[in-house]
Amino acid sequence: MPQPNSVTITDVQAAQERLLGIAHCTPVLTSTIVNERTNSLVFFKCENFQRTGSFKFRGAYNALAQLSAAQKQKGVLTYSSGNHAQAIALAGQLLNIPATIVMPDDAPAVKQTATRSYGAEVILYNRQETNREELAQNLASDRNLTLIPPYDHPHVVAGQGTAALELIAEVGQLDLLLVCCGGGGLISGCAIATKALLPNCQVIGVEPELADDATRSFHSKTLQTVTNPDTIADGARTPSLGKITFPLVLHYVDDMVTVSEADILRTMFFLWERLKIVVEPTGVLAAAALLEGVVTAPQAKIGVLISGGNVDLSQVGKLYTQI
């Protein structure tokens with residue numbers, strides 16, 4: 001297993017330089033009602049306002065920008081349920097790198113449409129019948145494309161960590177940082193950045209109860225997996241932490257917790273209604289842990305990563321009836 005020094009604060013800071021003027025410096029929002037409800041001072045880092053609607057653009061652009069001229073000319077391939085797909089597609093468009101994306105056929109239509117709109121070739125598969133990693137590996141090999149996985153890549157991890165650098169630069173000292181977790185790219189990068197700048201800040205990752213592989217892996221210290229979990233948080237349906245992200249999570253993260261499907265939906269609509277921002281189910285995982293009382297830190301200064309806002313609006317009515 002790779003050591004937890006596979007990505008360092010130096011890598012995250014270098015990524016920040018590459019992204020300067022390319023990625024958005026996303027807003028940090030506060031809410032009086034949230035502060036009163038949690039008895040804390042809460043800062044939401046809103047990556048739903050990032051290019052392509054999620055933090056994924058940071059890691060995708062950082063990875064593609066470092067490819068060789070030959071790799072850029074031949075093109076890249078990735079697999080993603082939507083947000084990394086869009087991020088690679090846009091980064092490829094900006095850097096003039098052809099992009100091929102392997103997506104599940106049940107990925108939200110809004111994410112499929114957006115990915116194609118950035119000029120990428122989209123190849124759909126049935127997640128019940130096909131292993132996406134194997135399909136992607138075979139396609140990349142056959143077409144001689146560079147594979148850029150959605151989270152288990154050092155340049156992707158470093159890029160994602162820039163979200164925490166920005167948050168800390170804006171709000172200063174934090175006692176706690178809550179971060180959504182799927183494959184571990186965002187929480188790994190953010191934890192590396194946070195521990196370098198604020199070593200006493202606690203970093204906690206949040207997963208859906210129905211996709212709790214990272215939480216089980218963290219507490220057992222043994223890599224655990226999950227197969228096609230039926231969670232509304234489609235960005236957290238990853239089978240496991242990666243060879244790179246697992247040791248990073250073990251080394252830098254202080255705890256991992258889970259939230260229920262009801263927690264996710266209540267929090268999503270609360271943020272829509274009270275903060276007036278559109279956030280997708282995966283994007284509210286960290287906020288749900290705080291607002292639903294899974295994590296409590298009274299009198300603390302708390303950072304919360306809102307990871308994305310790509311919602312299929314045609315499904316909102318159906319989601320609302322599930323609360």
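Is tyrosine 61 buried or exposed? In this predicted model, tyrosine 61 is buried, its relative accessible area being 9%. Phenylalanine 57 is buried too, at 0% relative accessibility.

These two residues also go together as an aromatic pair of the tilted kind, with 5.8 Å from centre to centre and 40° between the planes. Both belong to helix α3 (residues 56–65), and because they are four residues apart there, about one helical turn separates them. Searching the whole structure turns up two aromatic pairs.

## Charges over rings

Arginine 37 has its charged end over the ring of phenylalanine 270, 4.7 Å from the ring's centre. Over the face of phenylalanine 218 you'll find lysine 221, at 4.3 Å from the ring centre.

## Helix α7, end to end

Just past the helix comes asparagine 144, with a positive phi of about 60°.

Which residues of α7 are buried? They are Arg132, Ala136, Leu139 and Ala140. These cover an arc of only 100° around the axis, so they sit on the same side of α7. Their cover includes the strands β3 (76–79), β4 (99–104), β5 (121–125) and β6 (146–147).

Turn to the other side of α7 and you get exposed residues: Glu134, Ser141 and Asp142.

Definitions and conventions
Residues numbered from 1 in each chain as written. Predicted model: local features only at pLDDT ≥ 70, side-chain atom pairs only at ≥ 80, totals over all residues. Heavy atoms only, no water. Phe/Tyr/Trp six-rings, centres within 6.5 Å; stacked < 30°, edge-to-face > 60°. Helix = DSSP H or I, 4+ residues; strand = E, 2+ residues; numbered from the N terminus. Buried < 20%, exposed > 50% of the residue type's maximum accessible area, 1.4 Å probe, protein only. Lys NZ or Arg CZ within 6 Å of the ring centre and 35° of its normal. Arc of directions from axis to C-beta. Contact = heavy atoms within 4.5 Å.
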